[in-house]
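This report describes selected features of one structure. The sequence and the coordinates are displayed first, and the discussion follows.

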Amino acid sequence: MIDDAFNSEWEVGAETQYDEGGDQVKSPYGLSYSHAYVVLGADQLKDSNGNVQYNLLRIRNPWRSENYSGPWSDSDPRWTESYREQVDYINRDDGVFFCDMDTFKDGFESFTLIYSANQQTQSWYYDENVPGNSYSSYTFTLTEEQDLFVDALTWGDRAYPYGCADLSIFYTTLYYNGRSLGSANYYVQAGFDTIAKKNAQPGKYTMEVKPVWGTGTNQELTVRVTASEKVNVYDSNGNTNQVTWVAHDDSESAYHDSDDQPDPPAPQPEPVADYDSMLSNWMSEVAGEYPMSN
């Protein structure tokens, strides 16, 4: 799955388990708990005959420090000269390290595939006063085959004063012509999970969301559809309030003014402060308020 993500030019994240002590607490492998890492790539180490001996993941700590001490750390004696030449190996505390798949499974609680929405359109439906502990349905229609990503979101925990709102749980399922394409269950204030479908076929789709609202939370949610085309998302009563825009436009035109736009005004030089005059005026004011006696 991770290889498929890299082949699709997606990004991959990995998360360690939660600990009440926060990210200063370390796992037996030296990894910080309650912390997110980036998976940079997958590498293979081969023998002199070209046979694969080890499958490794190349991981980066965004703090640019490692502390990783498990198998295939920078100081691991298994790094022969031949293996070092096969991968981007650098023995330096730069935040980048390698680990094998068994260690990855044991050392990280979960991993996340982060899809690229380049040149795709995001359509949103905002719904308020959503009842809890029951399913609400939202529908949309695709007119052509395309990659599809659907998720449901609500306010993050940082939108509330500390300790004033409990975590909510979302149970979501995406259906195509009555057939389930996938489900995702997650604590929504801590993040969200996306249901992805490669080469989604034209037709009607239904996203069902059952929220279990935490105490003190706003009972409102947004259904987001990321696809190649703009869609209208409807609730069960046929209402829509969709908002749409093109996400992550990396085309050349996105970084240049169009020909029919006027040139921006030339920047004006900043005025140079006359500090001698400012000091003289200030001294005059002080002298006027506190005259010296003879």
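## Strand pairing

In which sense do strand β1 and strand β2 pair, and over how many bridges? In this predicted model, β1 (residues 11-15) and β2 (residues 36-46) run antiparallel and are joined over four bridges. Within this pairing, G13 has V38 of β2 as its bridge partner.

Strand β2 also pairs with strand β3 (residues 52-60), again in the antiparallel sense, here over eight bridges. In this second pairing, G41 stands opposite R58 of β3. The hairpin formed by β2 and β3 has five residues between the strands, and G50 adopts a positive phi near 85 degrees there.

Residue I2 lies in helix α1, which spans residues 2-7. Its relative accessibility is 10%, so I2 counts as buried, the cut-off for that class being under 20%.

Leaving aside residues up to four places away in sequence, I2 touches V12, L57, F104 and F111. For one of these contacts, the pair I2 and V12, the separation is ten residues in sequence and 7.4 Å in space, taken from C-alpha to C-alpha.

## Cysteines and disulfides

A disulfide is a covalent bond that links the sulfur atoms of two cysteines. A search of the whole structure finds zero disulfides.

Is C99 buried or exposed? With a relative accessible area of 1%, C99 is buried. C164, by contrast, is partly exposed, with a relative accessible area of 47%.

Methods:
Residues numbered from 1 in each chain as written. Predicted model: local features only at pLDDT ≥ 70, side-chain atom pairs only at ≥ 80, totals over all residues. Heavy atoms only, no water. Disulfide = S-S within 2.5 Å. Buried < 20%, exposed > 50% of the residue type's maximum accessible area, 1.4 Å probe, protein only. Helix = DSSP H or I, 4+ residues; strand = E, 2+ residues; numbered from the N terminus. Contact = heavy atoms within 4.5 Å. Pairing = 2+ DSSP bridges.
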